[in-house]
Amino acid sequence: MQSAMFLAVQHDCVPMDKSAGSGSKSEEKREKMKRTLLKDWKTRLSYFLQNSSTPAKPKTSKKSKQQTFIKPSPEEALLWSEAFDELLASKYGLAAFRAFLKSEFCEENIEFWLACEDFKKTKSPQKLSSKARKIYTDFIEKEAPKEINIDFQTKTLIAQNIQEATSGCFTTAQKRVYSLMENNSYPRFLESEFYQDLCKKPQINTEPHAT
């Protein structure tokens, strides 16, 4: 549902030097798209989260509990600034951060991190192997649709490890991506207008009413 609310543009926040010959026109187009997303991601996210947190009638579907977000209080939102893990532990915070990464063209970072979290919980050897191949195809291999920004040595090691997949196949890459988000995107998210608004306490009107 989230992906339907936003334009998917895949790009690394801190991209490696891939093609030095990208023309000025494509760069201008990319900057224009970025400004557009930065302009309306706050409005779209607010609308999405507000509607997701609206109480609904009980449903028999098992999916009824999914995608439910409750807007945090200013005190709860302030906790996100204390540690990156505090932000990731909040459903609302994670959705907001993911939308922010999309506006910065690096949503693949959080998607990879989440895929790794799910991967580590997998018990079945068969599922472990199939998930490892999918993560490698989606995020690791050259020209992958959601290629993350990690070094060639780490990519090579992963390619070797997934031949006999274990829960630790992507540990090194996940740590690198986590560090990239924590040191780059996370501070910018905390400075964003959307986050600053969440932290503001509602003002109480103390002016006397006119008679």
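In this predicted model, the buried residues of helix 7 pack against helix 6 and against helix 8, the latter spanning residues 152-161. The residues of helix 7 that are buried are Leu 128, Ala 132, Ile 135, Tyr 136, Asp 138, Phe 139 and Ile 140.

Helix 8 has Thr 154, Lys 155 and Ile 158 as its buried residues. Viewed down the axis of helix 8, these buried residues fall within an arc of 100°, and they therefore line one face of the helix. Phe 152, Gln 153 and Gln 160, by contrast, are exposed on the other side of helix 8. The partners against which the buried residues of helix 8 pack are helix 7 and helix 9.

Ala 173 is placed in helix 9, which covers residues 171-191, and it counts as buried because its relative accessibility is 1%, where the cut-off is under 20%. Leaving aside residues up to four places away in sequence, Ala 173 touches Phe 112, Ile 150, Thr 154 and Ile 158. Thr 154 and Ile 158 are among the buried residues of helix 8.

Gln 174 also lies in helix 9, and with a relative accessibility of 7% it counts as buried. With residues up to four places away in sequence again not counted, Gln 174 touches Phe 112, Trp 113, Cys 116, Glu 117 and Lys 120.

Two packed helices are described by the angle between their axes and the distance between the axes.

| Helix pair | Angle between axes | Distance between axes |
|---|---|---|
| Helix 5 and helix 9 | about 100° | 10 Å |
| Helix 5 and helix 6 | roughly 140° | within 7 Å |

Helix 5, residues 91-103, packs on helix 9 at about 100°, which makes helix 5 roughly perpendicular to helix 9. In this contact Ala 96, Phe 97, Phe 100 and Leu 101 of helix 5 meet Met 181, Ser 185, Tyr 186, Arg 188 and Phe 189 of helix 9. By class, the contact of helix 5 with helix 9 has 7 nonpolar residues, 1 polar residue and 1 charged residue.

Helix 5 and helix 6, whose axes cross at roughly 140°, are therefore oblique to each other. Here Leu 94, Phe 97, Arg 98, Leu 101 and Lys 102 from helix 5 meet Glu 107, Ile 110, Glu 111 and Leu 114 from helix 6. The residues of the contact of helix 5 with helix 6 divide into 5 nonpolar, no polar and 4 charged.

In soluble globular proteins, nonpolar side chains tend to be buried together. In this model the largest nonpolar core has 41 residues, and those with the most contacts inside it are Phe 97, Phe 112, Ile 140, Phe 170 and Phe 189. The elements giving two or more residues to this core are helix 4 (84-88), helix 5, helix 6 (107-120), helix 7 (125-140), helix 9 and helix 10 (193-199). Helix 9 supplies the largest share of this core, namely 7 residues. Phe 97 takes part in the contact of helix 5 with helix 9 and in that of helix 5 with helix 6, while Phe 112 is touched by Ala 173 and by Gln 174.

Note on methods
Residues numbered from 1 in each chain as written. Predicted model: local features only at pLDDT ≥ 70, side-chain atom pairs only at ≥ 80, totals over all residues. Heavy atoms only, no water. Helix = DSSP H or I, 4+ residues; strand = E, 2+ residues; numbered from the N terminus. Buried < 20%, exposed > 50% of the residue type's maximum accessible area, 1.4 Å probe, protein only. Contact = heavy atoms within 4.5 Å. Axes fitted to C-alpha atoms, helices over the stretch in contact; angles between N-to-C directions. Parallel < 35°, antiparallel > 145°, perpendicular 65-115°, else oblique. Nonpolar A, V, L, I, M, F, W, Y, C, P; charged D, E, K, R; others polar. Core = buried A, V, L, I, M, F, W, Y, C linked by side-chain atoms within 4.5 Å. Arc of directions from axis to C-beta.
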